[in-house]
Protein chains: 2
Amino acid sequence: MINIALLGCGVVGSGVYKVITENQDILKQKMGKNINIKYILDRKDFEGEPFAHLIVKDFETIVNDDDIKVVVEVMGGVDFPYSCVKRCLLSGKHVVTSNKALVAEHGAELLDIAREKQINFLFEASVGGGIPILRPLISSITADKVLEISGILNGTTNHILTLMSEDGEDYEKALLDAQKRGFAEADPTADVMGHDSCRKIAILSSLAYGKTVYYKNIHTEGITHITPEDIKFAEKMGYVIKLLGKSKILGDKVFAMVAPYFLKKTHPLAMVRGVYNAIFVRGNMVGETMYYGMGAGSLPTASAVVSDVIDCIKHINKNVIVDWKNEDISILDINDALVSAFLRFEYKNLDDFINSVKIEFNTYEIVKLDDLSDEVALVVKGETEKVLSEKIKNLSSKGFKLHNMIRIEEN
Amino acid sequence: MINIALLGCGVVGSGVYKVITENQDILKQKMGKNINIKYILDRKDFEGEPFAHLIVKDFETIVNDDDIKVVVEVMGGVDFPYSCVKRCLLSGKHVVTSNKALVAEHGAELLDIAREKQINFLFEASVGGGIPILRPLISSITADKVLEISGILNGTTNHILTLMSEDGEDYEKALLDAQKRGFAEADPTADVMGHDSCRKIAILSSLAYGKTVYYKNIHTEGITHITPEDIKFAEKMGYVIKLLGKSKILGDKVFAMVAPYFLKKTHPLAMVRGVYNAIFVRGNMVGETMYYGMGAGSLPTASAVVSDVIDCIKHINKNVIVDWKNEDISILDINDALVSAFLRFEYKNLDDFINSVKIEFNTYEIVKLDDLSDEVALVVKGETEKVLSEKIKNLSSKGFKLHNMIRIEEN
């Protein structure tokens with residue numbers, strides 16, 4: 001029997017309790033050992049709940065108990081979890097967390113401590129909820145140099161974009177729907193502005209490329225400016241709009257970005273609907289692979305947490321090699337990144353507009369919608385972000401108002 | 001440095017050589033050790049190839065060399081590989097194979113030997129080529145009871161069905177195209193009759209449910225009877241046709257089948273085009289997950305083989321727990337399986353047909369195509385295979401000729 005402790009008993013913590021109790025037989029069969037939850041740290045008492053007797057209020061009880069081999073941190077936040085996780089690792093306890101903010105901020109340092117202590121710090125649930133993606137990166141795509149990762153990493157925004165695309169709703173209505181169903185917070189900022197996806201692509205990229213891709217250095221845009229007109233143009237052009245977290249090796253630098261993208265309907269990520277997530281990984285030998293599943297939710301996330309607990313137990317005296325060094329990788333200046341883009345302009349005379357476009361771009365495509373007489377889409381490829389901004393400014397200065405710019409995924 | 005040997009230097013073997021030599025730096029970085037190929041067993045001499053000096057003709061050289069820690073079997077066939085692999089394991093060498101026929105026939109026994117010897121027998125590349133799917137089943141979806149697996153497990157047939165669906169080709173032409181591109185063998189029987197998919201779903205199911213699902217007990221159908229008319233009906237009804245390997249827990253039995261299925265266009269597997277493969281896994285906690293990538297090809301398959309070699313090296317003195325016991329699981333009699341189906345009939349008078357259908361089925365759906373005046377599709381749900389066969393016989397005896405029966409995936 002292995003004793004573990006949970007720090008936090010919210011959505012994920014209660015899921016972890018449920019997975020461990022309801023799948024006890026399965027876990028025993030797969031590991032040959034039982035997992036026993038000895039403590040749950042939480043401010044609430046949970047009176048009447050079957051786990052009320054496990055509740056403790058003082059972290060010291062847990063960190064000072066030598067019986068506890070694995071600690072599960074599912075509190076959220078950064079500073080308090082950081083100090084708890086660090087102390088647990090330093091005291092020789094394996095730690096599992098679902099906390100993306102903690103990992104994106106302190107992952108490399110905490111992995112260093114685990115390595116030194118020959119124990120493990122695992123965080124499968126911090127990206128993609130229940131989707132096995134970090135362990136495949138760490139222990140399956142090991143024969144490859146990873147060249148590129150892109151993912152639909154946030155279920156809230158994907159639900160909103162799916163509703164806008166399939167039901168013709170506008171952003172505000174789709175957000176309300178997501179809030180009603182519990183898929184979006186009352187304050188949806190972290191999701192809709194791309195901050196959540198940013199932390200997740202930072203973690204994925206750090207594991208894929210072996211050094212820290214620091215989340216604060218990733219250019220991040222959200223979906224609040226996407227309109228039904230953009231969706232209509234995308235539909236006509238054979239694309240869907242998805243919020244992607246993306247990163248790619250370019251020489252000795254990494255390109256990384258979170259932004260809405262036009263994705264071809266035949267792209268594997270294009271079929272990811274609603275609150276599902278998927279991560280696309282390209283290796284230099286294996287080619288394209290993709291991983292799909294529930295990106296959030298109590299039980300899927302808890303499933304990933306418990307799989308990490310099992311991995312700790314299987315490697316109780318051994319550090320699982322995680323190739324994420326505690327040094328920053330060099331990020332490509334966004335101005336220098338090449339970009340293909342969909343640009344939606346307001347115009348009065350199409351000939352005037354095209355003449356002005358010709359001055360700026362050698363090759364371009366113009367798309368019109370039958371029921372949108374005062375707008376036109378300009379599609380351009382292979383400019384740097386900096387040059388593209390300048391050219392857009394030039395067009396604006398001639399009276400062609402830019403309604404939106406959305407990048408196009410070229411793969 | 002770890003010495004390994006390759007048994008066989010065909011498509012996969014030469015890929016393994018290439019992955020290990022070209023990604024040497026990456027492998028060293030991820031493991032802290034170099035992999036050295038000491039021998040390659042093959043009948044050919046490969047004169048002029050950079051690995052010609054590694055070629056040996058006698059298996060005894062390899063099995064008797066204590067320096068060899070990991071043996072990679074990529075010969076194909078069953079009997080000779082079986083005797084080689086068994087002897088290697090018995091002599092304490094880890095074994096990695098891409099050989100699905102070997103694993104489907106002898107997997108459980110070879111895993112037993114590896115367990116006893118505290119070494120490893122790994123076979124990631126035997127299913128889904130480069131897609132990480134076996135390791136996720138063994139070490140990621142560990143907190144779950146797996147309830148269901150279905151997969152597009154054969155690239156040849158998926159390429160043929162994609163051409164039929166997207167370019168309107170008939171089966172024969174699509175097969176010729178696949179052969180021209182090197183996606184199908186001169187004798188395509190093993191692929192188009194479903195035998196290849198059958199061995200793969202047998203391996204997946206055995207790992208998922210913990211006991212042998214023996215491939216000879218799986219009801220298997222191929223795609224040779226699929227016609228452009230079937231494709232047209234599917235298109236009109238919002239489906240695509242895919243060859244699926246499927247299995248599902250039903251009480252204490254397992255339902256398993258390989259057959260073409262109608263899949264809703266919104267199903268994650270529906271977007272899998274061309275020679276790509278994907279495997280869909282449902283767990284009782286994690287819900288739906290899916291794994292996508294190149295199901296064949298020299299480098300993708302070799303990538304999976306080398307990832308297994310790395311796993312062996314990481315666990316050089318330790319058996320990785322693989323929950324596949326050497327006893328057969330009970331397979332549901334196909335006659336008792338519930339089925340929903342698309343039935344394409346020839347008819348002369350629609351009223352006569354519908355009146356006869358009403359005698360057989362309480363609920364049903366009738367679909368007509370504008371440009372197909374003498375055929376009609378009957379869609380029925382929830383019958384057992386046995387009862388459905390009888391009802392089809394009754395309709396045939398009244399002069400309504402059945403052109404095709406294709407099952408419908410209800411998820």
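Predicted model: local features only at pLDDT ≥ 70, side-chain atom pairs only at ≥ 80, totals over all residues.

Trainee: Let's do helix pairs. At what angle do α4(A) and α5(A) cross?
Mentor: Roughly 10°, and their axes come within 9 Å. For reference, α4 of chain A is residues 79–90 and α5 of chain A is residues 100–117. Angles under 35 degrees count as roughly parallel, so α4(A) is roughly parallel to α5(A).

Trainee: Which residues meet there?
Mentor: From α4(A) you have A:P81, A:Y82, A:V85, A:K86, A:L89 and A:L90, and they meet A:L102, A:H106, A:L110, A:I113, A:A114 and A:K117 of α5(A). By class, that contact has nine nonpolar, one polar and two charged residues.

Trainee: Switching to chain B: how do α5(B) and α10(B) pack?
Mentor: Helix α5 (residues 100–117) and helix α10 (residues 195–209) of chain B pack at about 45°, with axes 9 Å apart. That angle makes α5(B) oblique to α10(B).

Trainee: Is that crossing left-handed or right-handed?
Mentor: The crossing of α5(B) and α10(B) is left-handed. On the α5(B) side the contact is made by B:K100, B:A101, B:V103, B:A104 and B:G107, and on the α10(B) side by B:R199, B:K200, B:A202, B:I203 and B:S206. In classes, that's five nonpolar, two polar and three charged residues.

Trainee: And what about α7(B) and α8(B), at what angle do they pack?
Mentor: About 130°, again with axes 9 Å apart. Helix α7 of chain B covers residues 155–167 and helix α8 of chain B covers 171–180. That makes α7(B) oblique to α8(B), and their crossing is right-handed. The residues in contact include B:H159 and B:L163 of α7(B), along with B:Y171 and B:L175 of α8(B). By class, the contact has seven nonpolar, two polar and one charged residues.

Trainee: I'm looking at β12(B) now. How many of its residues are buried?
Mentor: Eight of its eight residues, 276–283. B:Y276, B:A278, B:F280 and B:R282 point one way from β12(B), while B:N277, B:I279, B:V281 and B:G283 point the other way.

Trainee: Which strands does β12(B) pair with?
Mentor: On the one hand there's β7 of chain B, residues 146–152, which runs antiparallel to β12(B) with six bridges; there B:E148 stands opposite B:R282. On the other there's β13(B), also antiparallel, over eight bridges. β12(B) and β13(B) form a hairpin with three residues between them, and B:G283 stands opposite B:G287.

Trainee: How do the two chains meet, how many residues are in contact?
Mentor: 45 residues of chain A touch 45 of chain B. On the chain A side, α2 (24–31), α6 (134–140), β13 (287–294) and α12 (298–314) each supply at least two residues. The one that gives the most is α12(A), with nine residues. By class, the chain A side has 22 nonpolar, 14 polar and nine charged residues.

Trainee: What joins β13(A) to β13 of chain B?
Mentor: Five bridges, and the two strands run antiparallel. For instance, A:Y292 has B:M290 as its bridge partner in β13(B).

Trainee: Last one: where is A:K232?
Mentor: In helix α11 of chain A, residues 228–237. A:K232 is partly exposed, with 17 other C-beta atoms within 10 Å. A:K232 and A:L372 are 140 residues apart in sequence, yet 9.8 Å apart in space, C-alpha to C-alpha.

Definitions and conventions:
Residues numbered from 1 in each chain as written. Chains lettered and ligands numbered in written order. Helix = DSSP H or I, 4+ residues; strand = E, 2+ residues; numbered from the N terminus. Buried ≥ 20, exposed ≤ 12 C-beta atoms within 10 Å, placed from the backbone. Axes fitted to C-alpha atoms, helices over the stretch in contact; angles between N-to-C directions. Parallel < 35°, antiparallel > 145°, perpendicular 65-115°, else oblique. Left-handed = near helix turned anticlockwise from the far one by under 90°. Contact = placed C-beta atoms within 7 Å. Nonpolar A, V, L, I, M, F, W, Y, C, P; charged D, E, K, R; others polar. Pairing = 2+ DSSP bridges.
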